[in-house]
Amino acid sequence: MKIAQVTPLYEAVPPKLYGGTERVVAHLTDALVDLGHDVTLFASADAETRARLVPVRDQAIRLDPAPLKSDLAAHMTLLAEVMKRADEFDVIHFHTDMIHFPFFARRADKTITTLHGRLDLKDLPGVYERWPEFGLVSISDDQRRPLPLANWKATVHHGMPGETYRFSPKADGYLAFLGRISPEKRPDRAIQIATALNKPLKIAAKVDAADTVYWETVIRPMIEANPLVEFIGEIGDHQKSEFLGGAEALLFPIDWPEPFGLVMIEAMACGTPVVAFRCGSTPEVIEDGETGFLVDTLEQAVAAAGRAHLLDREAIRARFDLRFSATAMARRYLDVYGDLLAKRPFAETPLADVVTPLRGLESRSFAANS
């Protein structure tokens with residue numbers, strides 16, 4: 001198939017440091033190329049990809065040192081480039097929320113849109129009611145709850161290449177928090193859990209401008225007052241194997257409807273169990289008592305973190321390979337693309353374009369979907 005991947009421009013593909021959506025797009029794009037498909041990536045010029053790159057901005061927005069930037073203008077340019085080349089592709093896969101809907105309404109039958117964010121926002125239902133022709137993919141079943149009547153085609157959990165993360169058979173005795181300093185991510189809970197266990201806690205996280213007050217008034221004082229806590233700051237992929245692999249457990253003490261939570265499978269790739277609050281997608285990602293523990297209270301979290309070292313790290317890595325590899329993710333998306341092509345009128349789609357991908361699906365092992 002000839003596939004276009006259209007990513008947001010906020011981070012590089014993959015991100016240099018923190019970033020979820022663009023990291024997933026990078027892994028998906030490369031996996032589709034490895035599976036033999038003709039893939040074009042629309043992204044900023046600093047993308048690293050095995051696909052054909054169409055650069056639509058000189059660099060990703062967040063780390064661009066220019067003091068004045070227009071996110072909207074950058075994404076309008078992105079959409080114009082995709083529109084100009086739309087006839088070249090069998091499938092156009094958008095990861096840009098709903099911004100493309102007004103422009104691609106007449107081509108909706110050749111698009112798939114993966115929604116990567118939370119969907120319980122006031123204005124969203126009206127958009128998906130106005131443009132019901134766009135087929136949507138959720139990244140967890142829980143993510144769909146605010147929009148149950150939207151045009152959902154599938155749920156595809158995130159994946160990543162196993163070789164990106166090094167398996168660690170033995171931990172170094174500390175707990176880890178990785179992600180973003182924000183009220184909904186609850187780093188305060190992570191500090192409380194580690195303190196209750198008298199265990200060291202390493203925090204590797206970014207601080208967005210919107211969360212500066214929370215950082216300065218809540219989290220930074222907690223860190224400075226607690227000798228058990230070490231704040232490392234924002235880290236990139238090349239640092240995660242050591243950081244996550246050395247931890248007895250990753251603490252994922254969220255307090256919001258997390259659509260997926262990429263850091264959970266990053267930890268699993270290193271063999272590290274995850275202690276996660278039962279919220280959002282976590283019951284779909286963590287197998288309680290196998291790859292980590294699901295908890296409802298702080299007391300349960302303390303007890304779970306205290307026994308996380310008893311879990312089999314090799315088994316955790318094996319579950320990652322089975323459920324969350326980049327190849328498993330790409331194959332699930334190929335199912336979605338195949339369904340899209342099969343429903344297109346034959347006058348618009350050559351027979352070979354429909355039959356060939358479907359034959360590939362028939363022979364594929366579905367073990368990864370377990």
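**Packing, backbone features and charged contacts in the predicted model**

In helix 6 (residues 237-245), the buried residues are Asp237, Lys240, Ser241, Phe243, Leu244 and Gly245. Here, buried denotes under 20% relative accessible area, exposed over 50%, and partly exposed the range in between (1.4 Å probe, protein chains only). Helices (H or I, at least four residues) and strands (E, at least two) are DSSP runs numbered from the N terminus. The structure is a predicted model, in which local features need pLDDT of at least 70 and side-chain atom pairs count only at pLDDT 80 or more, whereas totals for chains, interfaces and linings use all residues. Residues are numbered from 1 along each chain as its sequence is written, and side-chain values use heavy atoms, with hydrogens and water left out.

The cover over the buried residues of helix 6 includes helix 1 (21-34), strand 8 (174-180), strand 9 (201-206), strand 11 (247-252), helix 7 (262-269) and helix 10 (313-323). Contact is taken as heavy atoms within 4.5 Å. Two of the buried residues of this helix, Asp237 and Lys240, also belong to a network of salt bridges that links them with Arg23 and Glu266. A salt bridge is defined as a side-chain nitrogen of Lys or Arg within 4 Å of a carboxyl oxygen of Asp or Glu.

The largest nonpolar core has 87 residues, and those with the most contacts inside it are Leu201, Ile203, Ile265 and Tyr337. Helix 11 (residues 326-342) supplies the largest share of this core, nine residues. A second, separate core of 29 residues includes Leu9, Phe42, Leu136 and Trp152. Such a core is a set of buried Ala, Val, Leu, Ile, Met, Phe, Trp, Tyr and Cys residues joined through side-chain atoms within 4.5 Å. When neighbours within four places in sequence are left aside, leucine 201 is in contact with Leu175, Ala176, Phe177, Ala190, Ile191, Ala194, Leu228, Val229, Glu230 and Leu251.

Histidine 27, in helix 1, is buried, with a relative accessible area of 10%. Beyond residues up to four places away in sequence, histidine 27 touches Gly159, Met160, Pro161, Ala326 and Met329. The C-alpha atoms of histidine 27 and alanine 326 are separated by 6.0 Å, although these residues are 299 residues apart along the chain.

Eight aromatic pairs are found in the whole structure. Rings of Phe, Tyr and Trp (its six-membered ring) are paired if their centres lie within 6.5 Å; planes under 30 degrees apart count as stacked, over 60 as edge-to-face and the rest as tilted. Phenylalanine 94 and phenylalanine 104 form an edge-to-face pair, 5.0 Å centre to centre with 65 degrees between the planes. Because phenylalanine 94 lies in strand 4 and phenylalanine 104 in the loop between strand 4 and strand 5, the pair ties together parts 10 residues apart in sequence. Both phenylalanine 94 and phenylalanine 104 are buried. The ring centres of phenylalanine 260 and phenylalanine 324 are 6.2 Å apart and their planes stand at 75 degrees, so this pair is also edge-to-face. The relative accessibility is 2% for phenylalanine 260 and 0% for phenylalanine 324. One aromatic cluster is formed by Phe101, Tyr128, Trp131 and Phe134.

A cis peptide bond, with omega about -5 degrees, joins valine 13 and proline 14, and proline 14 is placed in the loop between strand 1 (2-6) and helix 1. Aspartate 97, not a glycine, has a positive phi of about 55 degrees; this residue is in the loop between strand 4 (91-94) and strand 5 (111-114) and is partly exposed at 37% relative accessible area. Arginine 186 likewise has a positive phi, near 55 degrees, and is found in the loop between strand 8 and helix 4 (187-197). Arginine 186 is buried, with a relative accessible area of 19%.

The structure holds 29 salt bridges. Among them, aspartate 64 and arginine 57 meet at 2.9 Å, N to O, and both residues are buried. Arginine 85 and glutamate 81 meet at 3.9 Å, N to O; both lie in helix 2, four residues apart, about one turn of the helix. Glutamate 184 forms a salt bridge with arginine 180, the closest N and O atoms being 3.2 Å apart. Glutamate 184 is partly exposed at 22% relative accessible area, whereas arginine 180 counts as buried at 14% relative accessibility.
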